[in-house]
Amino acid sequence: MAALREDTEIQKDVQTYYGQVLKKSADLQTNACVTTARPVPKHIREALQNVHEEVALRYYGCGLVIPEHLENCWILDLGSGSGRDCYVLSQLVGEKGHVTGIDMTKGQVEVAEKYLDYHMKKYGFQSSNVTFIHGYIEKLGQAGIKNESYDIVVSNCVINLVPDKQQVLQEAYRVLKYGGELYFSDVYVSLELPEEIRTHKVLWGECLGGALYWKELAILAQKIGFCPPRLVTANHISIQNKELERVIGDCRFVSATFRLFKCSKTGPARRCQVIYSGGITGHEKELMFDANFTFKEGEIVEVDEETAAILKNSRFAQDFLIRPIGEKLSTSGGCSALELKVIITDPFKLAEESDSMKSRCVPDAAGGCCGTKKSC
């Protein structure tokens, strides 16, 4: 019962922080909720520009949870807040797709619902393809969300706000179709958090107090049934408050994007060679699948068993030619067979590599660096 009361208190604190304390993203005291780690494709930038100003102003995510190949998909956004990501996704799935957002903060849901008609008229849709639900992301069944009903689940800097992270991931797994994906940005910590941080109200609201020790994600994913996590991007988090820095001490934090696939067990059992056929909207010539694999159109790439299984059993199957090593793959242009690499799974290592690469860049006239952006 003590744990239950503690979880309930945390939920109330988070609702107060996001419903009353924060009025805009500038009110945040860390950069945990305003970072992206790689360039934003043109079609997504254009979709972002169509989002109403008030919705965008109350966005508190820590990344950009817009995966690839979204046409006609059904997507569930866990912790949808004011609806920014939902309204971007609704443009990309099209009128035949659907986006559902669920959030526990009533004020945020009300902001999102306020602009349903505005966005549908903006997109030229005949009817709305977005639904918002006031509910808890660890209790999707209570919100009426059925088993295997979504192609993709996304979440933007929200899972860290829930004490029972395993239950959130378990629920995401339940509502995903086989071949589906949980694509999410969140905050991770370099070591097990001490009590002082785990009970600090502001640090919970700032997405740090409930951060998961990064190695725990793989353990939870395996326990639930997901394929091993695929690390996509990672950025170090800076604390913009001296008092919070004192409380945090030696703990380091990153915002990172991972993708978790719910695959059947019938995929390839060995390494394969794959060729990306190209053509995915916004990624016609090159698909940055994760931190380890970038697929160029027409190029042969050797991948490990897990990657081959994911590509074969997910919505990406139609975009790749996949053959076991030893079979010849025909290509229309130049190609290269890449040696199997050591897979990066540590978000802190990736963030360090990203920082090192940025430091070698020469900023352009607009102040950018290698196409990266501080925020959307």
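Colleague: Cys207 is buried, with a relative accessible area of 0%. What does buried mean?

Modeller: Buried means under 20% relative accessible area, exposed over 50% and partly exposed in between, with a 1.4 Å probe and protein chains only. Cys157 also counts as buried, because its relative accessibility is 3%. In the protein chain, buried residues make up 55% of the 376 residues. This is a predicted model, in which local features need pLDDT of at least 70 and side-chain atom pairs count only at pLDDT 80 or more, whereas totals for chains, interfaces and linings use all residues. Residues are numbered from 1 along each chain as its sequence is written, and side-chain values use heavy atoms, with hydrogens and water left out.

Colleague: How many disulfides does the structure hold?

Modeller: A disulfide is a pair of cysteine sulfur atoms within 2.5 Å. The structure holds zero disulfides. Cys157 is in none, and its nearest cysteine sulfur, that of Cys207, lies 3.1 Å away. Seen from Cys207, the closest cysteine sulfur is the one in Cys157, and 3.1 Å is too far for a bond.

Colleague: Where is Val51 found, and which residues does Val51 touch?

Modeller: Helices (H or I, at least four residues) and strands (E, at least two) are DSSP runs, numbered from the N terminus. Val51 sits in the loop between helix 2 (42-49) and helix 3 (53-57). Val51 is buried, with a relative accessible area of 8%. Contact means heavy atoms within 4.5 Å. Leaving aside residues up to four places away in sequence, Val51 touches Ala56, Arg84, Tyr87, Val88 and His119. From C-alpha to C-alpha, Val51 and Asp85 are 9.0 Å apart in space, while 34 residues separate them in sequence.

Colleague: At what angle do the axes of helix 2 and helix 4 cross?

Modeller: Axes are lines fitted to C-alpha atoms, for helices over the stretch in contact, and angles run from 0 to 180 degrees between N-to-C directions. The axes of helix 2 and helix 4 (residues 84-93) come within 9 Å and cross at roughly 125°. Helix 2 is therefore oblique to helix 4; angles under 35 degrees count as roughly parallel, over 145 as roughly antiparallel, 65 to 115 as roughly perpendicular and the rest as oblique.

Colleague: Which residues make the contact?

Modeller: Helix 2 contributes His43, Ile44, Ala47 and Leu48, and helix 4 contributes Arg84, Val88, Gln91 and Leu92.

Colleague: How many helices and strands does the protein chain have?

Modeller: Its secondary structure comes to 13 helices and 13 strands. Among contacts between residues at least 6 apart in sequence, 80% join residues at least 24 apart.
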